[in-house]
Amino acid sequence: MTMKKIAVVSDSFKGSVSSSEICAIVAQEAARFFPCCAVVGLPVADGGEGTVDSFLECMAGEKVALTVAGPYFSRVQSFYGSFGKTAIVEMAAAAGLPMVGDEKDPTRTTTYGVGELMRHALEHGANKIILALGGSATNDGGCGAAAAMGTRFFDAEGNEFVPVGGTLSKIARIDTAETKRLLDGVEVVAMCDIDNPMHGVRGAAYVFSPQKGADEQTVRFLDAELAALDQTLARELDARVALLPGAGAAGAMGAGAVAFFGARLNPGIETVLDTVRFEERVAGADFVITGEGKLDSQSLRGKVVIGVSRRAKRMGVPVFAVVGDVGDDIDEAYRVGVSAIFSTNRLAIPFSEAKHRSKQDYRLTIENLFRALAALEQK
């Protein structure tokens, strides 16, 4: 069999190799071993930092730059992706954890800038918003974003305010009239790669706020604030969102996206693959190369490798997963469509060391894979 087409649909190896670099490396190595073979590169991300850039690599669009509120309300440079009538808003671009540096405090951070990005896109003709929920520094349940989109929050004394993670229990009344007007006829999809609920021991505060700066006492406080918000959303908006898979994404922005914006929560990789027309562009491929920084039990809950493999399996296309490292208990990956898994960690060294040679090791791993396939071609 002569190789005619290879599809590359890989996440980045965060902190070491980008999706675009992975596509380029595979194309270069394919030219050596299969010179007549076409390589289709689809750099992807599952909702975190880099999602807009991934879409721009695959689709015609532009990055719209503007100034919005950052995690602590001070004005910051941000952006969203515009693709005709569809806007892709990356939460990390306005409320991302790297933006706070050492000043981590999820009781005070806001998603207000995310709502400003959404509003700008709507006011410039978008009728579909894709929210990439990932990498946030926040725990405000999306209230900040809702406020920027026109939702009004009032305390028990009738004072209007913008809630943050530490003041959610102060919300007594919610007015969403302006938000509903802005979103009339608009589809909102929220990309998330986790299935955690809004609050509780598996919720946003307990699982994710420690990395955002919360100690044990603050975690309990934030969880109680989210539980209070849950009750308020049910009372004021008749929104029962706490147990939706993904409600806890991005400091419970998943829950807020449904309650305030009528969003549909969708696994990030599924949204990406739909948007870049995966089936159309992979059709006829001899195999797909996918990957991510580490393939482990968390990956099996719907990250890039699994999302790609499930679709490729339905098309009858083999999938090779080239990943930075491999965890235990990943046999399920084979059942959902992965044909073989290859680790680029050739020296079995910690990530702190491996990341400095990731590009080199990725190239060598692809070379070895292609050597094996080329040998079979020659039989």
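Select Arg173 and Phe154: Arg173 lies over the face of Phe154, 4.1 Å from the ring centre. A charge sits over a ring if NZ of Lys or CZ of Arg is within 6 Å of the ring centre and within 35 degrees of the ring normal. Go next to Lys63, which lies over the face of Phe79 at 4.4 Å from the ring centre.

This is a predicted model, in which local features need pLDDT of at least 70 and side-chain atom pairs count only at pLDDT 80 or more, while totals for chains, interfaces and linings use all residues. Residues are numbered from 1 along each chain as its sequence is written, and side-chain values use heavy atoms, with hydrogens and water left out.

Now the aromatic rings. A search of the whole structure finds 10 aromatic pairs (rings of Phe, Tyr and Trp, the last by its six-membered ring, with centres within 6.5 Å; planes under 30 degrees apart are stacked, over 60 edge-to-face, the rest tilted). Select Phe153 and Phe260, an edge-to-face pair with 5.7 Å centre to centre and 80° between the planes. Phe153 is in strand β7 (residues 152-154) and Phe260 in helix α9 (residues 249-261), so the pair ties together parts 107 residues apart in sequence. Helices (H or I, at least four residues) and strands (E, at least two) are DSSP runs, numbered from the N terminus. Phe153 counts as buried at 1% relative accessibility, and Phe260 counts as buried at 5% (buried is under 20% relative accessible area, exposed over 50%, partly exposed in between, with a 1.4 Å probe and protein chains only). Then select Phe33, Phe34, Phe287, Phe320, Phe342 and Phe370, which form one aromatic cluster.

Next, show the open sheet of five strands, ordered β2-β1-β12-β14-β16 with parallel pairing; two strands pair if DSSP finds at least two bridges between them. β2 (38-41) and β16 (340-343) stand at the edges with a single partner strand each, so one side of each has no neighbour in the sheet. Inside the sheet, three bridges join β1 (residues 5-8) to β12 (residues 287-290). Val8 has Ile289 in β12 as its bridge partner.

Axes are lines fitted to C-alpha atoms, for helices over the stretch in contact, and angles run from 0 to 180 degrees between N-to-C directions; contact means heavy atoms within 4.5 Å. Finish on helix α15 (residues 358-377), whose axis comes within 10 Å of that of α1, crossing at roughly 35°. Among the residues that meet there are Ile22 and Phe33 in α1, and Tyr362 and Phe370 in α15.
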